[in-house]
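Subject: Handover of a structure and its findings

Dear colleague,

Please find the structure below, followed by an account of what was found in it.

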Amino acid sequence: VAYAFQWFQTVDTDRSGFINHSELKQALVNSNWSTFNDETCLMMINMFDRTRSGRIDLYGFSALWDYMQRWRALFQQYDRDGSGSISGTELHQALVQMGYNLSPQFSEAVVQRFTIRGVRPGIQLDRFIQVCTQLQTMTQQFREKDTSMTGNVRLSYEDFLSGAMTRLM
């Protein structure tokens with residue numbers, strides 16, 4: 001907690017007592033020293049913003065810090081070759097170990113979607129957090145509809161969009 005407080009003070013560059021999207025983006029870096037992408041930063045601000053003000057206080061930041069440390073540890077565990085990014089094969093192994101029954105092709109498609117052009121295929125920590133968090137959210141929504149636990153649901157397009165919008169925004 002002490003380290004989170006020190007980091008909060010460093011990240012809060014405008015000394016407002018809150019962390020906004022741009023301050024968080026400047027503070028978070030991937031293993032290749034690139035800053036986190038906007039979508040992941042906004043997602044995390046929204047997850048820990050209890051007041052819906054678009055910013056987080058020290059308590060929200062402390063929770064975000066713990067959240068980040070857990071994801072970073074998982075990322076490092078699944079980055080088996082130590083490259084600093086997760087390949088399609090490594091992502092598939094991670095998702096299987098997390099309990100997802102998805103094909104290797106799904107994992108490869110995700111990695112291709114989020115790989116930076118001109119770079120060896122793989123996703124950095126920011127996209128790993130984004131993908132896994134969105135999978136968790138979408139799976140939770142699916143399970144709410146799959147009351148008989150068959151792995152299949154019937155829903156209208158509008159129900160699907162409504163669930164996705166409320167979970168991902």
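In helix α1, the residues Y3, A4, F5, W7, F8 and V11 meet L58, F61, S62 and W65 of α4, where contact means heavy atoms within 4.5 Å. By class, this contact of α1 with α4 comprises nine nonpolar residues, one polar and no charged; Ala, Val, Leu, Ile, Met, Phe, Trp, Tyr, Cys and Pro count as nonpolar, Asp, Glu, Lys and Arg as charged, and the others, Gly among them, as polar.

This is a predicted model, in which local features need pLDDT of at least 70 and side-chain atom pairs count only at pLDDT 80 or more, while totals for chains, interfaces and linings use all residues. Residues are numbered from 1 along each chain as its sequence is written, and side-chain values use heavy atoms, with hydrogens and water left out.

Helix α1 spans residues 2-11 and helix α4 residues 58-78; they pack at an angle of about 115°, with their axes 10 Å apart. α1 is therefore roughly perpendicular to α4, a term for angles of 65 to 115 degrees. Axes here are lines fitted to C-alpha atoms, for helices over the stretch in contact, and angles run from 0 to 180 degrees between N-to-C directions. Helices are DSSP runs (H or I, at least four residues), numbered from the N terminus.

α4 also packs against α7, at an angle of about 105° and with the axes 10 Å apart, so α4 is roughly perpendicular to α7. On the α4 side, Y67, M68, W71, R72, L74, F75 and Y78 take part, meeting L125, F128, I129, C132, T133 and Q136 of α7. Ten nonpolar, two polar and one charged residue make up the contact of α4 with α7.

The largest pocket has a volume of about 570 Å³. Its lining has 21 residues, and the closest to the pocket centre are L135, M138, T139, F142 and R143. A pocket is, on a 1 Å grid over the protein atoms alone, an open set of points where a 1.4 Å probe fits, with protein on both sides within 12 Å along at least five of seven lines; lining residues have an atom within 4 Å of a point. Grid points are joined across faces, edges and corners, and the volume is the space filled by probe spheres set on them. α7 (125-145) and α8 (157-168) each supply at least two lining residues, and α7 gives the most, with seven.

Yours sincerely

Technical notes
Angles under 35 degrees count as roughly parallel, over 145 as roughly antiparallel, 65 to 115 as roughly perpendicular and the rest as oblique.
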